Amino acid sequence: MSKADKKDDKKIARQAASSGSNAQATMPMIPTSGPTAQSTTAPAGMTDVRTLRERARKSIDDGAVTESYTADRKQVVRLLNEALATEWVCVLRYYRHYFMASGMLADSVKAEFLEHAHQEQEHANRIAERIAQLGGEPDLNPETLTARSHAEYKPGQDLRDMVKEDLIAERIAIDSYREMILYIGDRDTTTKRILEDVLAQEEEHANDMADLLDGWVG
């Protein structure tokens with residue numbers, strides 16, 4: 001390599017180093033204080049982080065229920081216990097119908113009864129869990145279960161009568177759940193969502209029973 005080439009290489013290296021230094025020197029800096037500093041203020045309608053942390057340390061015995069919970073907790077627990085009683089009465093009625101179903105159409109109808117019994121029990125479990133989250137106690141006292149239930153426990157005289165009683169019970173549950181949802185509104189969105197899920201499945205149950213009655217032969 002000639003001396004001229006070596007000089008050119010050194011010149012290029014110096015220019016590259018100088019360019020990198022200048023680029024680093026001209027990088028924009030984020031101010032940490034003053035009027036142009038990044039804002040830590042929470043957007044409108046949102047609580048700032050410091051307040052959230054301070055509030056969380058208060059009344060920690062309340063568990064999942066915080067200061068932002070605006071519903072009447074005692075009333076919500078009462079309504080949920082009524083719903084819990086309703087679900088268990090429906091579980092027991094569907095099981096009764098499952099075991100007592102007989103006749104030409106019994107096999108297909110029994111399958112519906114058993115599926116609904118399992119789903120009603122899942123509803124009861126979700127509702128009981130929510131009651132506990134709200135600091136309440138699930139009321140499963142068998143002595144008062146039917147009195148607190150919105151739906152009735154009707155054994156039914158025959159297979160068609162069983163289907164009819166189940167449809168009536170589902171229609172009662174649909175109306176009661178819809179009213180609970182409207183009462184709670186957005187003051188307790190978790191409970192509202194649970195009840196909306198349950199309501200949707202109760203409507204499916206009612207539709208299933210209505211289809212059975214509509215196509216009944218004999």
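Helices α4 and α6 cross in a left-handed manner. Left-handed here means that the near helix is turned anticlockwise from the far one by less than a right angle; clockwise would be right-handed. Helices are DSSP runs of H or I of at least four residues, strands are runs of E of at least two, and both are numbered from the N terminus. The model is predicted: local features need pLDDT of at least 70, side-chain atom pairs count only at pLDDT 80 or more, and totals for chains, interfaces and linings use all residues. Residues are numbered from 1 along each chain as its sequence is written, and side-chain values use heavy atoms, with hydrogens and water left out.

The axes of α4 and α6 lie 12 Å apart, and the helices pack at an angle of about 25°. Axes are lines fitted to C-alpha atoms, for helices over the stretch in contact; angles run from 0 to 180 degrees between N-to-C directions. The two helices are therefore roughly parallel (under 35 degrees; over 145 is roughly antiparallel, 65 to 115 roughly perpendicular, the rest oblique). On the α4 side, the contact (heavy atoms within 4.5 Å) is made by A106, V109, F113, E120 and I127. L159, M162, V163, D166, E170 and Y177 complete it from α6. By class, this contact of α4 with α6 has 8 nonpolar, no polar and 3 charged residues. Ala, Val, Leu, Ile, Met, Phe, Trp, Tyr, Cys and Pro count as nonpolar; Asp, Glu, Lys and Arg count as charged; the others, Gly among them, count as polar.

Helix α4 also packs on α7. Their axes come within 11 Å and cross at roughly 165°. The pair α4 and α7 is therefore roughly antiparallel. This crossing, too, is left-handed. From α4, the contributors include V109, F113, H116, E120, R126 and R130. From α7 they include I194, D197, V198, E202, H205 and L212. The contact of α4 with α7 divides into 6 nonpolar, 7 polar and 7 charged residues.

Helix α3 (residues 73-100) packs against α6 at about 165°, with the axes 11 Å apart. That angle makes α3 roughly antiparallel to α6. The crossing of α3 and α6 is left-handed. Among the α3 residues in contact are V76, L79, A83, E87, Y94 and H97. Among those of α6 are M162, D166, A169, E170, Y177 and I184. By class, the contact of α3 with α6 has 11 nonpolar, 2 polar and 5 charged residues.

With 0% relative accessibility, E170 counts as buried (under 20% relative accessible area; exposed is over 50%, partly exposed in between; 1.4 Å probe, protein chains only). Residues up to four places away in sequence aside, E170 touches Y94, E120, E202, H205 and A206. The C-alpha atoms of E170 and E203 are separated by 7.3 Å, although the two residues are 33 apart along the chain.

Salt bridges accompany this packing. The structure holds 9 of them, each a side-chain nitrogen of Lys or Arg within 4 Å of a carboxyl oxygen of Asp or Glu. R126 pairs with D197, with the closest N and O atoms 3.3 Å apart. R126 lies in α4 (residues 106-133) and D197 in α7 (residues 189-214), so this bridge ties together parts that are 71 residues apart in sequence. Both partners are partly exposed: R126 has a relative accessible area of 34%, and D197 has 38%.

The side chains of R130 and D188 form another salt bridge, at 3.0 Å from N to O. This pair also links distant parts of the chain, with R130 in α4 and D188 in the loop between α6 (159-184) and α7, 58 residues apart. Here both partners are buried. R130 has a relative accessible area of 9%, and D188 stands at 3%.

D175 and R178 are 3 residues apart in helix α6, so about one helical turn separates them. D175 is partly exposed at 46%, as is R178 at 36%. Together with E203, D175 and R178 are linked in a network of salt bridges.
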